[in-house]
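Subject: A structure to look at, with notes

Dear colleague,

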Amino acid sequence: MPADLEQLLAPGYLDGLEQRTLPELRAMRVACQEVETGLSLLRRVVQGHLDIVGLEVERRASGSDPGDREELLARLPELLADRTAGSGPGRLASLMAPESIDPALEAELVALVGPGVVDAAGLDGDALQALAAGLAALETAVSDRRRAMFGRIDALQEEITRRYRSGDASVDALLS
């Protein structure tokens, strides 16, 4: 069963790492990595919706017909191609597909855009601005949780590494 995001982010989750066994530490790290992978995917989906909304805002500001879905669709490949590299240093995902995405955050996204791709061209100006603000807030919330998850992964990895460096754990034990 996938780990619960709020449980992993609870204030005392990392308490007592020194007393945990190495298998427990590894299991905790894997749970955090699985949740982070789900957050990463959700963040990318939110950013895609945000890019579409931003493109529609830009199109309207340049005088394009607000209801022209064909023009919006024609520009999507160029828009979405701009996201091939992240802005930060990034991390190589150890898991390529998440077991699950946090249901509360996923529900927030669905409440904003519906179950499919956002229909930015079909919204009036006020609704488009409200959607942009909601998506930006959700992206921030997901990014904040993702950064917190990286902090937990790093803390767990540091404890595992400390044990190998200090001799409390042995590489030989991994091979047997």
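Before the notes begin, please keep in mind that contact here means heavy atoms within 4.5 Å, and that helices (H or I, at least four residues) and strands (E, at least two) are DSSP runs, numbered from the N terminus. This is a predicted model, in which local features need pLDDT of at least 70 and side-chain atom pairs count only at pLDDT 80 or more, while totals for chains, interfaces and linings use all residues. Residues are numbered from 1 along each chain as its sequence is written, and side-chain values use heavy atoms, with hydrogens and water left out.

The overall picture

The protein chain has 6 helices and 0 strands, so that its elements, read from the N terminus, run α-α-α-α-α-α. Of its 176 residues, 35% count as buried, where buried means under 20% relative accessible area, exposed means over 50%, and partly exposed lies in between (1.4 Å probe, protein chains only). Among the contacts with a separation of 6 or more, 80% come from residues 24 or more positions apart.

Two pairs of packed helices

Two packed helices are described by the angle between their axes and the distance between the axes. The axes are lines fitted to C-alpha atoms, for helices over the stretch in contact, and the angles run from 0 to 180 degrees between N-to-C directions.

Helix α2 (residues 22-61) and helix α3 (residues 69-81) have axes that come within 10 Å and cross at roughly 125 degrees. The two helices are therefore oblique to each other, given that angles under 35 degrees count as roughly parallel, over 145 as roughly antiparallel, 65 to 115 as roughly perpendicular and the rest as oblique. On the α2 side the contact includes Gly 48, Asp 51, Ile 52 and Leu 55, and on the α3 side it includes Glu 71, Leu 72 and Arg 75. The residues of this contact divide into 6 nonpolar, 1 polar and 6 charged, where Ala, Val, Leu, Ile, Met, Phe, Trp, Tyr, Cys and Pro count as nonpolar, Asp, Glu, Lys and Arg as charged, and the others, Gly among them, as polar.

Helix α4 (residues 103-113) packs with helix α5 (residues 125-166) at an angle of about 170 degrees, the axes being 10 Å apart, which makes α4 roughly antiparallel to α5. Among the residues that meet are Leu 105 and Leu 109 in α4, and Leu 131 and Arg 145 in α5. By class, this contact has 8 nonpolar, 1 polar and 2 charged residues.

Salt bridges

The structure holds 12 salt bridges, a salt bridge being a side-chain nitrogen of Lys or Arg within 4 Å of a carboxyl oxygen of Asp or Glu.

One of them joins the side chains of Arg 145 and Glu 6 at 3.7 Å, N to O. This pair links distant parts of the chain, since Arg 145 lies in helix α5 and Glu 6 in helix α1 (residues 5-8), 139 residues apart. Arg 145 is partly exposed at 27% relative accessible area, and Glu 6 is also partly exposed, at 45%.

Another joins Glu 56 to Arg 59, with the closest N and O atoms 2.7 Å apart; both residues lie in helix α2, 3 residues apart, about one turn of the helix. Glu 56 is buried, with a relative accessible area of 0%, and Arg 59 is buried with a value of 0% as well.

A further salt bridge brings together Asp 168 and Arg 162 at 3.4 Å, N to O. Asp 168 counts as exposed at 56% relative accessibility, whereas Arg 162 is partly exposed at 36%.
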